[in-house]
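Subject: A structure for you to look at

Hello,

Here is the structure I promised to pass on. Please open it beside this email, and then read on for what I found in it.

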Amino acid sequence: LDDPKRRKRIPVGGSPVALAVGEDAVWVANFQDATVTRVDPTTSAALGAPIAVGGKPSGIATGEGYVWVTRTDDDQLIRIDPQSARWTGELIEVGDSPFGVDVGEGSVWVANQRDGTITRVDP
């Protein structure tokens with residue numbers, strides 16, 4: 001892994017904090033820019049302009065046909081349609097200061113840092 005030919009740095013956005021692989025792309029949550037960047041895993045290039053998601057995105061996961069993003073500053077979960085690469089506009093209320101998010105067992109799971117809870121969301 002010390003061979004520079006095996007590594008590539010890919011510009012994404014301000015303060016990338018989380019990434020997820022799925023739905024035919026690598027998805028990066030950019031905290032400072034309040035965006036999500038979609039990267040082609042084959043070419044290692046960003047696909048299109050960053051997706052504005054508002055808030056302070058802190059966690060990201062793929063599954064159940066969507067890309068799920070936590071917004072720490074307003075305690076919400078949003079979803080992106082991977083086919084159109086657009087945020088659906090739906091705001092899902094979760095616990096206080098959501099950070100981690102994962103998808104499994106038919107649900108979306110969010111870890112809420114400040115109130116010490118998790119939220120289960122049925123997609």
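A word on terms before the tour: two residues are in contact when they have heavy atoms within 4.5 Å. This is a predicted model, where local features need pLDDT of at least 70 and side-chain atom pairs count only at pLDDT 80 or more, while totals for chains, interfaces and linings use all residues. Residues are numbered from 1 along each chain as its sequence is written, and side-chain values use heavy atoms, with hydrogens and water left out.

**The overall picture**

The protein chain has 0 helices and 13 strands. Both kinds of element are DSSP runs numbered from the N terminus: helices are H or I with at least four residues, strands are E with at least two. The radius of gyration, taken over C-alpha atoms, is 14 Å, close to the 14 Å that the globule rule gives for 123 residues, so the chain is as compact as a globular protein of that length. That rule is 2.2 Å times the number of residues to the power 0.38. Along the principal axes, the C-alpha atoms fill a box of roughly 45 × 25 × 25 Å.

Of the 123 residues, 41% are buried. Here buried means under 20% relative accessible area, exposed means over 50%, and partly exposed is in between (1.4 Å probe, protein chains only). The accessible surface of the chain is about 6,800 Å², and carbon and sulfur atoms hold 48% of that surface; such areas come from the Shrake-Rupley method with a 1.4 Å probe. Among contacts with a separation of 6 or more, 32% join residues 24 or more positions apart.

**The cores**

A nonpolar core is a set of buried Ala, Val, Leu, Ile, Met, Phe, Trp, Tyr and Cys residues joined through side-chain atoms within 4.5 Å. The largest one has 14 residues, and Trp-27, Val-36, Ile-51, Ile-60, Val-69 and Ile-80 touch the most other members. Strand 1, strand 2, strand 7 (66–71) and strand 8 (76–81) each give two or more residues to this core, with the largest share, 3 residues, coming from strand 2. Beyond its neighbours up to four places away in sequence, Ile-51 touches Trp-27, Ala-34, Thr-35, Val-36, Ile-80, Ala-85 and Trp-87. There is also a second, separate core of 10 residues, which includes Trp-68, Val-94, Val-101 and Val-108.

Strand 1 (residues 16–22) pairs with strand 2 (residues 25–30) in the antiparallel sense over 6 bridges; strands count as paired if DSSP finds at least two bridges between them. Gly-22 has Ala-25 in strand 2 as its bridge partner. This hairpin has 2 residues between its strands, and Glu-23 takes a positive phi near 55 degrees.

Thr-62 comes from strand 6 (residues 57–63) and counts as buried, at 18% relative accessibility. Which residues does Thr-62 contact, leaving aside neighbours within four places in sequence? They are Ala-20, Val-21, Gly-22, Glu-23, Trp-27, Val-67 and Val-103. A polar atom of the Thr-62 side chain lies 3.3 Å from the backbone oxygen of Val-21.

Strand 12 (residues 107–112) and strand 13 (residues 117–121) are antiparallel partners over 5 bridges. Their hairpin has 4 residues between the strands, and Gly-116 in the turn has a positive phi of about 65 degrees.

Asn-112, in strand 12, stands opposite Thr-117 in strand 13. Asn-112 is buried, with 3% relative accessibility. A polar atom of the Asn-112 side chain lies 3.1 Å from the backbone nitrogen of Gly-95. Leaving aside neighbours within four places in sequence, the contacts of Asn-112 include Val-94, Gly-95, Asp-96, Ser-97 and Pro-98.

**Two loops and one end**

Most residues other than glycine have a negative phi. Ala-34 has a positive one, near 55 degrees, in the loop between strand 2 and strand 3 (35–40), and is buried at 15% relative accessible area. Glu-64 also has a positive phi near 55 degrees; this residue belongs to the loop between strand 6 and strand 7 and is partly exposed at 44%.

Finally, Asp-2 sits in the segment before strand 1 and is exposed, at 74% relative accessibility. Asp-2 and Val-110 are 108 residues apart in sequence and 36 Å apart in space, C-alpha to C-alpha.

Best wishes

Conventions
A polar contact is a pair of N or O atoms within 3.5 Å; within protein, one must be able to donate a hydrogen and the other to accept it, and residues adjacent in sequence count only if both atoms are side-chain atoms.
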